[in-house]
Amino acid sequence: MSRLRATVDFVKGQDTATLLPLLLPGLDGPELRALAECCAFSHAALLVFPPDAAALHTALADCGLVVDVPPAPSVVVRERLALRHRRCAAELDVGILRPGVRCRDGVRRMVEVFALAVPPGSDLAELAAHERERQHEAHVAFELEAPDPLVLRGLCAAFGRYGAAPDGGGYNPHENGTVFYFTAPAEAKTAHRRVELYVPGDHRDILAGHLDAHRARQPAETLLRLLTGAWTTQALAAFARLEVADAMDAERGVGVAELACAVGAFEPGLATLLRYLTMLGVVREDRDGFRLTDTGILLRADAEGSMRSLALMYGGPFYESFAGLDHTVRTGQVAFERRFGENHFDHFARDPELADLFDRSMAAGSRMFDPLPAHPVLTAAADGATVADIAGGNGELLGRILSAHPRLRGLLLERPHTVEAARQLLGAAGHAGRCTFLAGDFADVPAGADVYVLSRVLHDWDDDRCREILRHCARAMSPAADLLVVERVLPADGSPSLATAWDLHMMCNVGGRERRADHYARLFTEAGLTLVGHSPLPLDGSVLHVRGAGAAG
């Protein structure tokens, strides 16, 4: 009660221009005025542990705080408590209340109360005692007046210049707001050691850099988050496998009981899963239940650009084989083959359901292809020119090209069982009359096409096999033909890229690899081809334009 009352008095007695230099010693003059114009002191916060909801409301009323709405879930504080005390976040039902107070300068501000009920005898008593002593969640908060990304970056930089260090944060989908936490410098002249910067809207792009800086100061927390990455993979896979997303939408919340009934799930278990996915931003909880976010919608089977099949693949066969990564690193042998007794192509071909899942998972990354139909090689192709997609899967890419260029014809070379899937997909799109389907292997690359496409093929193989595949293409290509190679290219400067992750995946599961552009250039040269140029695609992809060695000009 005394801490709550002290927090109320603190809020009533402060304003933005007075509080900022107390927290950031040395801040004054024009920069103080600039910061005070960009953000405003909005509240002070504390974490309390009442035995029950009635006791909480009594304490609030005794301090003159009126609350007429139920607590909203606190995603950020719940996750911080879970990490600090090695507890499951689903066990920590932390709520937020924000009663207002009239301050001495006439402005109405808030006292932010985080509440976690700890009844007598609860196993949370030790956690509560620790938090009462350390006051980890007590903080003062400023709100950005206008959620401009440039201003936000400038504010974060200014806080850092005056000694405030990044101390976590998060995006709360319940409120559609992003929180940046800082630790005040040791010289700060206030008892509050933590500072919050609250920004309306989703600013997770800027938050990512802030959290990286925080984790660099918290190695144990960083490692713990990395170690639990497998839980995220399986949570997403379970969500997809149970078809929960298909029973939800983004327009209305659905209660857990209704969802459990719809998908045949154990209600308490489903509630735990949904709370975890809320923390990841896959679903959002409101008063009516849970609804899908834009990210979660991609796990619906009928969503445009659905990635459900990827969730099932990465949480299924490839998840199992990744357990043998150490074997691959130690011996050079493919972990997938050790786990399943054969390479992944043969394994999937043997099981029609797995083969279909693999083809759909390949198509699920099709956003990479969005700009490809506008490639100059395709836009300049003559009327009636033929585009040959070698190992073209279920025809997703070829279909996009034919839709964008009705004057072109298509040819798809694939394994027999996949050719039939492509025939159905391209037929449904109305392209069957302009497309030839050829069952075969790389040795069967047909001559006579004007443009050849190898999309996400070469990364499946070692250099010797790549040279062999490219030589088949080179023999089939006329001097005027072009080859477009779509791959994730490793950055030459070592900068972060999905290609680096896929390099590990290809090594473990396929026996292939991703490569740098200069590595591909050497392979092309050794196969009698020349790299003309390359350009970026979405999802860290690239398209490499290749011609015959004598026709590169």
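## A first tour of the predicted model

Val-329 sits in helix H16, and it is a handy place to begin exploring. The protein has 553 residues, of which 50% count as buried. Its secondary structure comes to 25 helices and 20 strands.

**The overall picture**

- Taken along the principal axes, the box filled by the C-alpha atoms is roughly 85 × 55 × 50 Å.
- The protein exposes about 24,700 Å², and carbon and sulfur atoms supply 55% of that area.
- If you look at contacts between residues at least 6 apart in sequence, 67% of them join residues at least 24 apart.

- Is Val-329 buried or exposed? With a relative accessible area of 57%, Val-329 is exposed, because the cut-off for that word is over 50%.

- Gln-333 belongs to the loop that runs between helix H16 (325-331) and helix H17 (335-340).
- The relative accessible area of Gln-333 is 46%, so this residue counts as partly exposed.
- Which residues does Gln-333 contact, leaving aside its neighbours within four places in sequence? They are His-327 and Thr-328.
- With His-327 there is also a polar contact, side chain to side chain, at 2.8 Å.

- The largest nonpolar core has 46 residues. Those with the most contacts inside this core are Leu-4, Val-111, Val-140, Phe-142, Phe-159 and Phe-180.
- A second, separate core has 32 residues, including Met-248, Met-313, Phe-318 and Phe-336.

**Asn-394, a buried loop residue**

- Where is Asn-394? Look in the loop between strand E12 (386-390) and helix H21 (396-404).
- Asn-394 has a relative accessible area of 11%, and it is buried because that value falls under 20%.
- A polar atom of the Asn-394 side chain lies 3.2 Å from the backbone nitrogen of Glu-396.
- Beyond its neighbours within four places in sequence, Asn-394 is in contact with Asp-359, Ala-363, Thr-418, Ala-421, Ala-422 and Leu-425.

**Two residues with positive phi**

- Glu-243 has a phi near 60 degrees, a positive value in a residue other than glycine.
- You can find Glu-243 in the loop between helix H10 (229-241) and helix H11 (256-263). Its relative accessible area of 44% makes Glu-243 partly exposed.
- Leu-539 is not a glycine either, and its phi is positive at about 60 degrees.
- The loop that holds Leu-539 lies between strand E19 (529-537) and strand E20 (541-548). At 25% relative accessibility, Leu-539 counts as partly exposed.

Key
Residues numbered from 1 in each chain as written. Predicted model: local features only at pLDDT ≥ 70, side-chain atom pairs only at ≥ 80, totals over all residues. Heavy atoms only, no water. Helix = DSSP H or I, 4+ residues; strand = E, 2+ residues; numbered from the N terminus. Buried < 20%, exposed > 50% of the residue type's maximum accessible area, 1.4 Å probe, protein only. Contact = heavy atoms within 4.5 Å. Polar contact = N/O pair within 3.5 Å; in protein donor to acceptor, adjacent residues only side chain to side chain. Core = buried A, V, L, I, M, F, W, Y, C linked by side-chain atoms within 4.5 Å. Areas by Shrake-Rupley, 256 points an atom, 1.4 Å probe, with all protein chains shown as cover.
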